[in-house]
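Here are my notes on the model, as numbered points. Please read them with the structure open beside you.

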Amino acid sequence: MFELSEDHLMMRKMVRDFAEKECGPGAEERDEKEEFPREIWNKLAELGLAGITFPEEYGGVGADYISYAIAVEELSRVDASVGVTVSAHSSLCANPIYKFGTEAQKLKYLTPLATGEKIGAFGLTEPMAGSDASGTRTTAVRDGDVYVINGTKVFITNGYEADIYVVTAQMDKSKGNKGIATFILEKGMQGFYFGKKEKKMGIRASATYELVFDNVLVPVENRLGEEGEGFKIAMVTLDYGRIGIAAQALGIAQGAYEQALKYAKERVQFGKAIAQFQINQFKLADMATQIEAARLLVYQSAYLASAHKSVSKASAMAKLHASETAMWVTTQAVQMHGGYGYTREYPVERMMRDAKITEIYEGTSEVQRIVISNHILKD
Amino acid sequence: MNIVVCIKQTFDTEAKIVLNSAGQIDPNGVNLIINPYDEYAIEEGIRLKEKFGGEVTVVTMGSSRAPEALRTALAMGADKAILVSDPALAGADEWLAAEALAKAVAGLSYDIILAGRIAIDDGSSQVALRLAERLGIPSVSSVLKLEINGSIATAVHDIDGGSETLEVSLPAVFTAQKGLNEPRYPSVAGIMKAKKKELKTLSLSDLGLNAEAKMKIGKFTLPAPRQAGKKIPGDAAAVAHELARLLREEAKVL
């Protein structure tokens, strides 16, 4: 029998209160204006939500991954853009620095990230390197005490808004994935520019930018891990990152389900609330069941992460199931709202747009199936 | 400066009140919260501690679910918690509640006692003031601003048509009105530290109190369900005429 601890329940209540009071009121407007939730970031950082899983000595709070999953879930239940901002920052930038960084790198970069004083981002994807990281064309060339980095990254969550960027670059193309290295870059380094801001279908308040490196000189001490370890670092980072995206998808699904439930009880057609029609009852039952299954997978993978056990298969399963659940539940929630659900009068319209990306980023559903089947066939 | 904050766990403001077969309010499945006015009291207590040092002790009288409310107050930043809990307190009236709290508080060192101005469940607004009387110290109700200077407190509260500023010597009881402050969320670190903080449970025998409520609740009745609205058909003049008639004759508001 799985039960959340008292701390987890208090965590959920706190983040739910915070999300409803601080994120809810402006969610629609930020979506409309594609406005990054900077003020909300500052407030959530004060509460320790920018560094949940990192030790206190590096500015974090030292809580477990289930607390982290609950936080991303509850934020995303109200505003998925806020959820992904936290997830990309924590899982994709702070976490690889924590896991692979030197003591000096942790003190210099992890600490301000974990306190939320600075925001983090992760630059892996390129125009020719989406699901296939071996297509990385950004290059790093060692020149004495520095690396010279050139290239372009696309679809970078928290781009422009972030201060610290963990970026992959190819050092030796002949070695394929084993030629990749990872670097910590700072906003403002000479030659480090931001390209276009993506106009997206959903999570429109989340910032998504192109990163451009034009002979950026990165000091050797900013290399994360060894030369050639970049691909491995990226894959481990994504294994953990999927917990966050799975939690985000779970939160979106939960939010849409609650909206559908409420609407079905209130909306009267043919003389009765539409919740009294069996087709909607069964739909709500299926939504609730799928969400609960997703939740267990998400918390299971979070538990494994805190227990320092292998998360790769579990987080891929959690992300696959939670994201497909989010897409299905939000679609059904819009359907249950009828014409109103298709308008911006009701939040399910935004939730359905927000849900789609969870099946795409940090590994598409197809990639999750590859990861899962690799584990299954290896066993 | 040592501060005691008296809080009460109440039903969530959105909870649906249902009576059970015995005619009692059914707490099953109801989400419980800290009485919202008590949150202002907790926040004020923590702010005073942050400014002047000392300790904040939260005290409540309640059931087996009450520790949840105390832990939340500890997560917000209170230092210690006391739960007064005893089967004999199940039907406690305001008098007995104040007696029990007075016994619990008397054992503490305090300069300021804070509480919400009203509990949103029974709405009696009595316990904190009775507590002040029982302890023989002054009290100021519905405070919107509180300043401390040495052993003197200056409190502001609204009165009909304006506001009133009072000076009172400490120790004293203050009840918090909405607007006193903006209560903080517990931080993640606060939540993690809360369970390591002291939470003491005291029974009536621990308090050396042997008393019974002086008042018993006879019965609860739910308000009559809201009637459906009325649509008045016709052209504007006829509708206005009919509306005026209904407002005068049926609703009797004109």
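1. Strand 5 of chain A and strand 8 (residues 223-224) of chain A pair in the antiparallel sense, over two bridges. Strands here are DSSP runs of E with at least two residues, helices are DSSP runs of H or I with at least four, and both are numbered from the N terminus. Two strands pair if DSSP finds at least two bridges between them. Within this pairing, Phe183(A) has Arg223(A) of strand 8 as its bridge partner.

2. The model is a predicted one: local features need pLDDT of at least 70 and side-chain atom pairs count only at pLDDT 80 or more, while totals for chains, interfaces and linings use all residues. Residues are numbered from 1 along each chain as its sequence is written, and chains are lettered from A and ligands numbered from 1 in the order in which they are written.

3. Strand 5 of chain A also pairs with strand 4 (residues 164-170) of chain A, antiparallel, through seven bridges. Thr168(A) stands opposite Thr182(A) of strand 5. Is strand 5 of chain A enclosed or open? Six of the seven residues of strand 5 (residues 180-186) are buried, so the strand is largely enclosed by the rest of the structure. A residue is buried if 20 or more other C-beta atoms lie within 10 Å of its own, exposed if 12 or fewer, and partly exposed in between, with C-beta atoms placed from the backbone.

4. Strand 2 (residues 139-143) and strand 3 (residues 146-157) of chain A run antiparallel and are joined by five bridges. They form a hairpin with two residues between the strands, and Gly144(A) in the turn has a positive phi of about 65°. Val141(A) stands opposite Val148(A) in strand 3 of chain A.

5. Helix 9 (residues 348-358) of chain A is mostly covered, with nine of its 11 residues buried. Among them are Val348(A), Met351(A), Met352(A), Ala355(A) and Ile357(A), but also Glu349(A), Arg350(A) and Asp354(A). What covers these buried residues includes helix 1, helix 4 (80-100), helix 6 (230-266) and helix 8 (312-337) of chain A. Contact between two residues means that their C-beta atoms, placed from the backbone, lie within 7 Å.

6. Helix 8 of chain A packs against helix 10 (residues 365-378) of chain A at an angle of about 145°, with the axes 9 Å apart. Axes are lines fitted to C-alpha atoms, for helices over the stretch in contact, and angles run from 0 to 180 degrees between N-to-C directions. The residues in contact include Ala316(A), Met317(A) and Leu320(A) of helix 8 and Val371(A), Ile372(A) and His375(A) of helix 10. By class, this contact has five nonpolar, five polar and four charged residues. Ala, Val, Leu, Ile, Met, Phe, Trp, Tyr, Cys and Pro count as nonpolar, Asp, Glu, Lys and Arg as charged, and the others, Gly among them, as polar.

7. How many residues of chain A touch chain B? 14 residues of chain A are in contact with 11 residues of chain B. Helix 1 (residues 6-33) of chain A gives the most to the chain A side, with seven residues. That side divides into nine nonpolar, two polar and three charged residues.

8. Chain B has seven helices and 11 strands. Nine strands make an open sheet with mixed pairing, in the order 9-8-7-10-6-1-4-5-11. Its edge strands, strand 9 (162-169) and strand 11 (198-202), each pair on one side only. Helix 2 (residues 66-76) of chain B packs on the sheet, touching strand 1 (3-7), strand 4 (56-61), strand 5 (80-84) and strand 11, and its direction makes about 165° with that of strand 5 of chain B.

9. The domain assignment, which is automatic or from a database, gives chain B domain 1 (2-207) and domain 2 (224-254).

10. Lys219(B) is found in the loop between helix 6 (204-207) and helix 7 (236-249) of chain B. Is Lys219(B) buried or exposed? Lys219(B) counts as exposed because it has 7 C-beta neighbours inside 10 Å. From C-alpha to C-alpha, Lys219(B) is 7.6 Å from Gln24(B), although the two are 195 residues apart in sequence.
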